[in-house]
Amino acid sequence: MPLVILYGFLAFLVCLVVHVFIWRFRLLKISDLNLIIIFLVAPTVVFTAIIVGGDHVGSFSRLDLAKILLLNLSLSCIYISSYPAAYADSPSLHILLIISSSKEERLSEEEIIEQYSSARIVTDRIDDLLVYGFISRSENRLELMPIGKAVVYLFILYRKILGLPMGGG
């Protein structure tokens with residue numbers, strides 16, 4: 001069993017290396033679709049071909065290979081779901097970076113507010129929403145597109161299921 005876990009992590013590591021390589025050398029624009037292809041589709045196709053191709057691969061049975069794939073897919077789903085937070089300009093991370101770059105690694109709230117530009121974060125998120133087709137720009141106004149309306153509906157439904165108020169957390 002430990003070997004299966006090791007190979008599950010190694011399979012994920014291969015996907016991660018491919019992703020970083022593509023991202024660093026700008027071979028493709030990293031989008032949600034590319035992440036899904038790199039981390040979910042490609043490993044599933046490869047492992048399915050291996051599983052269908054024979055009873056054993058080395059010392060691994062079909063069941064072992066399925067377990068390796070399942071661990072890889074689990075790790076990949078966690079990575080994909082956390083990727084937007086890591087990629088985006090997080091306000092909390094930005095504040096931590098501002099504090100860490102100060103001489104004494106200490107600042108007052110006023111000093112942080114002076115250095116913090118929330119306008120950039122908002123414009124970056126608007127650009128993301130435009131690129132993904134959640135909103136459109138018309139005559140200097142932003143409008144929800146059908147996919148954006150669906151996302152809003154799902155988040156409202158999710159918050160209602162959790163019993164959370166709108167705007168709270």
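**Reading a pocket and its helix**

Modeller: Helix 2 gives the largest share of the lining of the second largest pocket, 5 residues. This is a predicted model, where local features need pLDDT of at least 70, side-chain atom pairs count only at pLDDT 80 or more, and totals for chains, interfaces and linings use all residues. Residues are numbered from 1 along each chain as its sequence is written, and side-chain values use heavy atoms, leaving out hydrogens and water.

Biologist: Which residues line the second largest pocket?

Modeller: Rolling a probe the size of a water molecule over the atoms shows where empty space is left. A pocket is an open set of points on a 1 Å grid over the protein atoms alone, where a 1.4 Å probe fits, with protein on both sides within 12 Å along at least five of seven lines; lining residues have an atom within 4 Å of a point. Here the lining is Ala 11, Val 14, Cys 15, Val 18, Ile 38, Ala 42, Pro 43, Val 46 and Phe 47. Helix 1 (2-24) and helix 2 are the elements that give two or more residues to that lining. Helices are DSSP runs of H or I, at least four residues, numbered from the N terminus.

Biologist: How many of the lining residues are nonpolar?

Modeller: The lining has 9 nonpolar residues, no polar and no charged. Nonpolar covers Ala, Val, Leu, Ile, Met, Phe, Trp, Tyr, Cys and Pro; Asp, Glu, Lys and Arg are charged, and the others, Gly among them, polar.

Biologist: Where does helix 2 bend?

Modeller: Helix 2 bends by about 35° at Ile 38, the angle between axes fitted to the seven residues ending there and the seven starting there. Ile 38, Pro 43 and Phe 47 are among its buried residues (under 20% relative accessible area, 1.4 Å probe, protein chains only).

Conventions: Buried < 20%, exposed > 50% of the residue type's maximum accessible area, 1.4 Å probe, protein only.
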